[in-house]
Amino acid sequence: IGLIWLAEPLLLTLFQYGEFSPKDAHSASLSLMAYGLGLLPFIFIKVLAPGYYARQDTKTPVKIGIIAMVTNMVLNIILMMQFAHVGLALATALSAMLNAGLLYRGLRKQGVYQPRKAWGSFMLKLLIPNAALLLLLVFFTPDANTWITSSMWQRAGLLSALIVAAMGVYFIVLSLIGIKIKQLLKPSTSY
């Protein structure tokens, strides 16, 4: 959420010097936002694929990867015509979602992975700290003009403050709703 919301400020802070104009930063931020949508699916792929490898099944993830790759190529053509460079990033994110979804479905279908009932309520609980994080960013992120006219040090300080504040709100709200970080770090039977 933070990467998607802060894409433009991040790129303005890191690259908007010399030949890299604010317009370039805005264009690049749209791609970063689209790639941000694929971040969780890419993580899920890394988590789910070993479920096949551990059972000596290397063919299924490769077949699913090929389906995702072909889908990516088709979506590249379709979405690039509509959204230019952002379409390429969006196609990559969508094909990652497909890849992760097919890996998950295969593990469920084979009975290898069955999520516990508590996962549903856990995921719903996670919406609250994520919403709090987003609200903080919506209310306190300055407009693009502020980022453009600020010095590099002002941008870096403001971006750092927003990231630290968002993390703080996230972890405080996480704790308030009863999810302790220590619980997430050790194996638990409740999730």
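**Touring the pockets**

Start by selecting α1, α7 and α9 (152–176), each of which supplies at least two residues of the lining of the second largest pocket, where helices are DSSP runs of H or I with at least four residues, numbered from the N terminus. The model is predicted, so that local features need pLDDT of at least 70 and side-chain atom pairs pLDDT 80 or more, while totals for chains, interfaces and linings use all residues. Residues are numbered from 1 along each chain as its sequence is written, and side-chain values use heavy atoms, leaving out hydrogens and water.

Stay with α9, which gives the most to this lining, with six residues; the lining includes Leu159, Ile163 and Tyr170. A pocket here is an open set of points on a 1 Å grid over the protein atoms alone, where a 1.4 Å probe fits, with protein on both sides within 12 Å along at least five of seven lines, and lining residues have an atom within 4 Å of a point. The volume of the second largest pocket is about 180 Å³.

Next, select Leu40, Ile43, Phe44, Met123 and Leu126, which lie nearest the centre of the largest pocket among its 28 lining residues. This pocket holds about 1,300 Å³ of space, a volume being the space filled by probe spheres set on the grid points. Colour α3 (22–37), α4 (39–53) and α6 (85–109), which are among the helices that each supply at least two residues of its lining.

Finally, return to α9 and select valine 164, which counts as exposed because its relative accessibility is 58%, the cut-off for exposed being over 50% (1.4 Å probe, protein chains only). Asparagine 130 is 34 residues from valine 164 in sequence, and their C-alpha atoms are 14 Å apart.

Note on methods
Buried means under 20% relative accessible area, exposed over 50%, partly exposed in between (1.4 Å probe, protein chains only).
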